[in-house]
Amino acid sequence: MMATISRYFSLSVAIVVIDLYTKHLIEKTFQYGEKLTFTTYFDLVRYHNEGSAFGFLNDAGGWQKWFFAAVSLVAVTVMIYLISKHQTEKLFCWGLALVLGGAIGNLYDRVTLGYVVDFLNFHYQQHYWPAFNVADSAIVGGVGLLLLDSFKAKS
């Protein structure tokens, strides 16, 4: 069993490493608000998100940093417990491992920088999706796996 659980946590660690490294490269290369266009629908940018998803509470005055950090710490603790308890439920644990890695990556930014670095920016003409990062992508993918798992027949 320990080999299985280490795979889940290894995925989480890989997500954190890739996320923090890509954010570091963006911070080193781009000034805040700077944009590099790759295609008619994708840019690399450097934005700072002080709130949560889609910039919710971005301008709340600072208290949101510690609120979201506390919520993230609780979520990380619960996910570690759930992976440990349900290690034989593969789809469930892979989903949690992705969410866990993403949560830790964004938590690190929030605590050390006071904001989360976002840099992937997709758009169609003048319609822009909010910028996001590797951690956000892992969280969305993990939630997708968790939803898929919820539709499986339980024995």
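Student: What pattern does the protein follow along the sequence?
Tutor: It reads α-β-β-α-α-β-β-α. Helices (H or I, at least four residues) and strands (E, at least two) are DSSP runs, numbered from the N terminus. Here they come to four helices and four strands. Before we go on: residues are numbered from 1 along each chain as its sequence is written. This is a predicted model, where local features need pLDDT of at least 70, side-chain atom pairs count only at pLDDT 80 or more, and totals for chains, interfaces and linings use all residues, while side-chain values use heavy atoms, with hydrogens and water left out.

Student: In what order do the strands sit in the sheet?
Tutor: Strands of a sheet pair through backbone hydrogen bonds, either parallel or antiparallel. We call two strands paired if DSSP finds at least two bridges between them. In this protein the order is β1-β2-β3-β4, an open sheet with antiparallel pairing. β1 and β4 (127–128) stand at the edges with a single partner strand each, so one side of each has no neighbour in the sheet.

Student: How many bridges join β2 to β3?
Tutor: Six, and the two strands run antiparallel. For instance, Leu 44 has Leu 120 in β3 as its bridge partner. Two bridges join β3 to β4, where Tyr 124 is partnered with His 127.

Student: Is strand β2 mostly covered or mostly exposed?
Tutor: Mostly covered: seven of the eight residues in β2 (residues 42–49) are buried. Buried means under 20% relative accessible area, exposed over 50%, and partly exposed in between (1.4 Å probe, protein chains only). Across the protein, buried residues make up 39% of the 155.

Student: Which residues make up the largest nonpolar core?
Tutor: In soluble globular proteins, nonpolar side chains tend to be buried together. A nonpolar core is a set of buried Ala, Val, Leu, Ile, Met, Phe, Trp, Tyr and Cys residues joined through side-chain atoms within 4.5 Å. The largest one here has twelve residues, including Ile 5, Val 76, Phe 92 and Leu 100. Two or more residues come from each of α1 (2–29), α2 (63–85) and α3 (90–113), with α3 giving the largest share, seven residues. Apart from it lies another core of ten residues, among them Phe 30, Phe 42, Leu 44 and Tyr 115.

Student: What does Leu 100 contact?
Tutor: Contact means heavy atoms within 4.5 Å. Leaving aside neighbours within four places in sequence, Leu 100 touches Phe 9, Ser 12, Val 76, Met 79, Ile 80 and Ile 83.

Student: How many salt bridges does the structure hold?
Tutor: Four. A salt bridge is a side-chain nitrogen of Lys or Arg within 4 Å of a carboxyl oxygen of Asp or Glu. Asp 19 and Lys 23 form one, with their closest N and O atoms 2.7 Å apart. Both sit in helix α1, four residues apart, about one turn of the helix. Asp 19 counts as buried, at 0% relative accessibility, and Lys 23 does too, at 1%.

Student: Which parts does the Arg 46 and Glu 27 pair tie together?
Tutor: Their side chains meet in a salt bridge (3.6 Å, N to O). Arg 46 lies in strand β2 and Glu 27 in helix α1, so the pair ties together parts that are 19 residues apart in sequence.
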